[in-house]
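Colleague: I would like to go through this model with you. Could we take the pockets and the domains in turn?
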Amino acid sequence: MSARESIISAAIFDLDGVIVDTAKYHYLAWKKLANEIGTDLSVEENERLKGVSRMDSLDIILSLGGLQFSEVEKVAMADKKNTWFVDYVNQMKPDEILPGAKNLLESCRANGIKVALGSSSKNAKAVLDLLKIAHLFDVIVDGTMIKKSKPDPEIFLLGASLLNIPPDQCIVFEDAEAGVEAALAANMRCIGLGSPAQLGKANLVIPDLKNFTIEDMINLVPIH
Ligand code: BG6
Ligand code: MG
């Protein structure tokens, strides 16, 4: 490992399922749509949707159900799902920020580590504003700013470039298999939040951020 690879100057956080418990709302809204069009979506199948864009998620559901619709119909379905998702999110309270997340964001900043958001969601900025935590990010990259969603590395590379930090000095926190793949493809280190069976490619897999401190992160990779 070169000297440059052995330091961390920035942490890039996914949003849904890492900072806030919105992954469950994406699932509920997709399942409702799936049921409405005569198919279903299991918890296991939903893993494939995590981290991927709205339209790509719909395509996965349709392909699992062996269904085909026109582009116009698909846009209407995605809009409907989004309306339900936004309704759920609007009822969210700041205590739905996942345990340990805010603390880690604040300690990164206190220790001079740049902080970025790297979320495929077009609702990301609204969710951060609702939870009053947008100010904790130096840079916010969301689904409105990218052409290719995870597992493509575009989102994380854009975050690193806006922070002006080389990718190999970034560490990514992800709960989605597609997100772990995106981070590694960007030549970044990655901590997976969830099950090792799903996220085994990450450099480290932990259940959540509840007991994870900046000291743990520094022990894993020294900071600048
Ligand atoms: C990701 C979620 O963060 O954002 C996916 O993990 C979701 O489940 C994607 O499909 C896009 O979100 P949105 O809010 O733009 O529909
Ligand atoms: Mg996620």
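Colleague: From which domains does the lining of the largest pocket draw at least three residues each?

Modeller: This is a predicted model, and in it the lining of the largest pocket takes at least three residues from each of domain 1 (10-21 + 95-218) and domain 2 (23-89).

Colleague: What volume does the largest pocket have?

Modeller: Its volume is about 510 Å³. The lining of this pocket comprises 30 residues, and those closest to its centre are Val52, Ser53, Arg54, Ser120 and Ser121.

Colleague: Let us move on. What is the volume of the second largest pocket, and which residues are closest to its centre?

Modeller: The second largest pocket has a volume of about 260 Å³. It is lined by 17 residues, of which Gly17, Asp175, Leu193, Gly194 and Pro207 are the closest to the centre.

Colleague: What classes of residue does that lining have, and from which domains is it drawn?

Modeller: Eight of its lining residues are nonpolar, four are polar and five are charged. Domain 1 (10-21 + 95-218) and domain 2 (23-89) each contribute at least three residues to the lining of the second largest pocket.

Colleague: How many salt bridges cross the interface of domain 1 and domain 2, and how many are found in the whole structure?

Modeller: Two salt bridges are found across the interface of domain 1 and domain 2, while a search of the whole structure gives 13.

Colleague: Which residue forms a salt bridge with lysine 24, and where in the chain do the partners lie?

Modeller: Lysine 24 pairs with glutamate 96, and their closest N and O atoms are 3.7 Å apart. The pair links distant parts of the chain, 72 residues apart: lysine 24 belongs to helix H1, and glutamate 96 to the loop between H4 and helix H5 (101-110).

Colleague: A change of topic: the backbone. Which peptide bond is cis?

Modeller: The bond from lysine 150 to proline 151 is cis, with omega near 15°. Proline 151 sits in the loop between strand S3 (139-141) and helix H7 (154-163).

Colleague: What is the phi of asparagine 164, and where does this residue lie?

Modeller: Asparagine 164 has a positive phi of about 65°, although it is not a glycine. Most residues other than glycine have a negative phi. Asparagine 164 is located in the loop between H7 and strand S4 (170-174).

Technical notes
Residues numbered from 1 in each chain as written. Chains lettered and ligands numbered in written order. Predicted model: local features only at pLDDT ≥ 70, side-chain atom pairs only at ≥ 80, totals over all residues. Heavy atoms only, no water. 1 Å grid on protein atoms, 1.4 Å probe; cavity = no way out; pocket = protein on both sides within 12 Å on 5 of 7 lines; lining within 4 Å. Points joined across faces, edges and corners; volume = space filled by probe spheres on them. Domains from an automatic or database assignment. Nonpolar A, V, L, I, M, F, W, Y, C, P; charged D, E, K, R; others polar. Salt bridge = Lys/Arg side-chain N within 4 Å of Asp/Glu carboxyl O. Helix = DSSP H or I, 4+ residues; strand = E, 2+ residues; numbered from the N terminus.
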